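Subject: Structure handover

Hello,

Here is the structure I promised you. Please open it alongside this note.

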Amino acid sequence: MAEEGSNEDGVVAEIEKKITEAFKVFDHEGNETVDVREIGSIVRSLGCFPTEAELHELLAKVEEEEPTGYVHLEKFLPVMTKVLLDRSYRPIPEDVLLHAFEFYPFYLKALDENKSGYITKEELVKHMTEEGEPFTEEEMEEMLSSALDPETNAVHYRNYISLMVVDETDDLPQ
Amino acid sequence: MECTISTMGCNASAHYSKHKYNETAIKATVLIQRWYRCKRAQLEVRRRYSLTIFQSIEYADEQEQTQLSNFFTFMLEHCVHRGEVARTSTGSDVSPGTDSYVIKYEKIDVPDSYRGPRLSFPLDISHAKTLLNALKDRQLLHARYVLQLLCETRRVLKEKPNITHVSVSYFKEITICGDLHGNLDDLLLVFHKNGLPSENNPYVFNGDFVDRGKNSMEILIILFVFLLIYPNDFHLNRGNHEDYILNMKYGFAKEVLKKYKDHGKTILHHLQDIFSWLPLATIVNNKVLIVHGGISDTTDLDSLNLLERNKLKTLMKTRKLETDKKNQEEHSELTEKERKQVLDILWSDPNKQHGCTPNQRRGGGCYFGPDTTDQLLKRYNLKMLIRSHEFKPDGYDLTHNGKVITIFSASNYYEAGSNRGAYIRMNPDLVPHFIQYQVCACTDKKKNWERVKTIEQSALQNLQERIFVHKRKLMDTFAKCDCKNTGRISISDWAAVMESVLQLKLPWRMLRSRLVKTDPDGKVDYMSCFCYMDTARPMHQVQPTLVETLCKYRRDLQMIFNVLDEDRSGLISPNEFRKMWKIFSSYLGIHSHDEAVDKLAQSIDFNKDGNIDFSEFLEAFHVVHQLENKAA
């Protein structure tokens with residue numbers, strides 16, 4: 001068995017295997033195609049955090065000329081390999097995310113210097129569904145179901161973020 | 001972008017321009033949206049691969065099942081002989097000289113203290129409703145009524161042809177349900193949503209009523225009751241799990257023996273026969289073929305219609321016992337060709353690839369391609385094929401250009417929240433309408449991510465158990481990659497070994513962080529995957545291959561023992577244990593010295609007059625996660 005690691009080709013080969021694996025999780029029919037709507041999940045499962053706009057750009061590169069609703073692995077692989085090698089769409093650090101949430105209460109209570117630590121349901125829904133890359137109703141409902149504290153009707157974002165960033169603790173203790 | 005937000009956040013200036021606020025607010029919004037979509041997607045992926053893990057292990061298990069079928073049949077027949085001896089000597093409720101299981105249900109007394117449902121024949125819809133309510137409340141139907149029901153059911157089923165023809169009109173739509181696998185709640189939910197069966201509300205249940213779930217017996221009772229009330233509008237197709245050999249491993253036999261301590265064996269014996277009397281297929285309006293598994297390129301509906309279906313008690317290949325004169329009449333069997341006809345329709349799966357090849361995954365039946373489907377539909381002037389047999393996350397699926405439909409009616413099949421179930425309603429248009437559902441406990445206010453974590457944990461534990469029982473082979477294969485004995489190999493090598501030894505097509509790189517430790521330089525510490533699982537009791541002094549074999553076949557051995565345990569004492573003598581082990585290991589081609597086996601039996605603490613508490617013995621081979629162990 002050949003040694004890998006410092007070998008450039010080895011790195012690429014490993015990345016390609018990783019991408020193929022993720023792709024196959026969604027390849028229900030076992031014919032190396034996936035539904036175009038699953039591409040977002042595949043890209044994100046590989047550790048990337050694209051915006052919707054960035055995802056659309058990527059899709060344009062991997063879709064067929066005449067859109068069939070399916071994406072072939074052979075088109076997806078080279079594009080996604082480049083994304084991973086270039087380290088595009090990097091994850092968002094926890095503290096940056098915290099600041100984003102903190103911004104709302106501050107914005108709305110300009111004179112209140114307390115970083116109260118929460119944002120009301122109405123505020124969150126307004127921003128998420130009307131601005132930026134708006135959430136669908138389904139996405140909003142789902143976010144609220146795990147983020148909202150029913151007693152206060154608000155999102156205590158420190159708690160919420162730490163819960164969501166919890167993936168690593170599911171891994172084996174290192 | 002990130003920097004902008006953090007500095008902005010700190011600037012508590014009243015002179016802040018609204019424009020800057022908006023810009024920054026939008027940036028923050030996009031950030032949160034971007035992050036949330038990513039987390040959601042990752043959760044979805046974890047759910048998907050968990051289902052993949054469950055499915056792969058299930059299929060691998062089924063494959064191994066065929067290996068053991070000879071052993072099961074032998075042990076079962078061996079048991080009957082022992083049973084004869086035991087019964088005549090202890091004097092039971094069986095008249096000697098007759099088939100030991102022919103029991104007159106009238107002789108069974110139902111005590112006044114019995115508060116469960118009482119059946120009186122002929123059954124009518126009010127009986128059915130009372131029964132449904134009782135079973136919903138988890139009451140147990142007395143064995144006397146069960147046996148009476150089975151007698152009547154056999155009588156009705158015997159009259160039916162192998163292939164039932166039904167017609168659908170606009171006043172009489174038909175409902176088709178798939179695998180239920182002992183999920184009573186799903187059956188009740190379907191009846192609730194779709195109405196109880198009646199002359200105007202006909203049903204077809206497409207096999208696999210039993211095994212895996214906890215209420216297979218209750219499902220059978222309900223299905224048989226409706227069959228008796230509406231024999232022309234209630235149809236049952238045989239599934240591959242309506243087979244006593246599979247029932248021994250996949251839970252149905254265990255369920256019956258546990259619920260019916262005195263008459264469980266009799267009930268199972270009758271069911272063996274009844275299952276073989278279940279029709280094999282249903283055809284709707286001469287256009288829609290409904291079978292449990294699928295078809296093959298040799299499927300011949302005329303031949304299927306003519307063969308004597310009740311001669312096929314099991315689809316598993318069994319060894320003929322020359323010495324067994326009692327079962328002479330049962331030796332008139334179907335021809336190999338006929339057996340294959342039935343095997344194919346009960347076990348096959350559709351495939352994207354053209355052609356028809358043996359179904360490696362299942363060890364029986366075929367993979368049939370779109371051309372095979374077209375060929376058959378054309379030959380018999382049919383429009384489509386409806387089948388079940390395969391798990392589908394949404395309860396149903398279409399393939400072969402919509403000509404093959406899979407309908408699966410057991411929701412939460414692997415774990416709470418794992419999947420939806422579905423059923424089909426069809427009118428004379430013969431266009432299927434799918435209705436999906438999912439049973440969920442009202443008290444279960446679990447959030448999506450909690451549910452996914454539960455499913456994932458469950459899947460991973462199953463996988464870790466499988467890894468544990470293949471430890472020897474894995475270690476040997478790892479060692480071949482690690483010539484310098486560093487204890488580390490590349491990710492690529494690790495994934496390749498896992499796949500080849502475990503024979504499971506899984507996304508190993510995705511699962512890696514959940515199964516093994518990896519060094520910062522990217523090398524996998526391959527031995528670390530064994531640190532987290534162990535036997536419930538430490539077995540260090542016992543030969544490792546012996547331990548692994550016992551772990552792997554623990555459930556099978558438990559089942560065989562349950563069948564053998566005449567007096568239900570739970571005890572087995574050391575001699576019987578040795579004998580059983582000898583037969584078992586010779587079937588599997590495992591060589592172990594007698595001393596090793598004796599040592600094994602001795603390592604389990606037993607002090608019951610020299611006998612071994614078999615269940616306790618097997619419990620020791622339960623593979624557990626170390627953290628569980630520590631908590632215990």
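Are A:F23 and A:F76 buried or exposed? Both A:F23 and A:F76 are buried. Bear in mind that this is a predicted model.

These two residues also form an aromatic pair, one of the 21 aromatic pairs over all chains. The A:F23 and A:F76 rings sit 5.6 Å centre to centre, with 35° between the planes, and the pair is tilted. It links distant parts of the chain: A:F23 belongs to helix α1 (residues 8-25) of chain A and A:F76 to helix α4 (residues 73-86) of chain A, 53 residues apart.

Chain B has an aromatic cluster. Its members are B:F54, B:F391, B:F408, B:Y413 and B:Y414.

Next, the EF-hand record. UniProt, in an unreviewed entry, lists residues 14-49 and 109-134 of chain A under "domain: EF-hand". In the model, residues 14-49 of chain A are 53% helix and 8% strand. The end C-alpha atoms of that span lie 21 Å apart.

Now the sheet in chain B. It is open, has 6 strands and shows mixed pairing. The strand order is β1-β5-β6-β10-β12-β11 (chain B). β1 (163-166) and β11 (396-399) of chain B are at the edges; each has a single partner strand, so one side of each has no neighbour in the sheet. From one strand to the next, the twist averages 20°.

What joins β1(B) to strand β5 of chain B? There are 4 bridges, and the two strands run parallel. β5 covers residues 281-284 of chain B. Within β5(B), B:A281 is the bridge partner of B:I163.

Best wishes

How values were computed:
Residues numbered from 1 in each chain as written. Chains lettered and ligands numbered in written order. Predicted model: local features only at pLDDT ≥ 70, side-chain atom pairs only at ≥ 80, totals over all residues. Heavy atoms only, no water. UniProt positions renumbered as here; feature names shortened; annotations may be inferred. Pairing = 2+ DSSP bridges. Axes fitted to C-alpha atoms, helices over the stretch in contact; angles between N-to-C directions. Phe/Tyr/Trp six-rings, centres within 6.5 Å; stacked < 30°, edge-to-face > 60°. Buried < 20%, exposed > 50% of the residue type's maximum accessible area, 1.4 Å probe, protein only.
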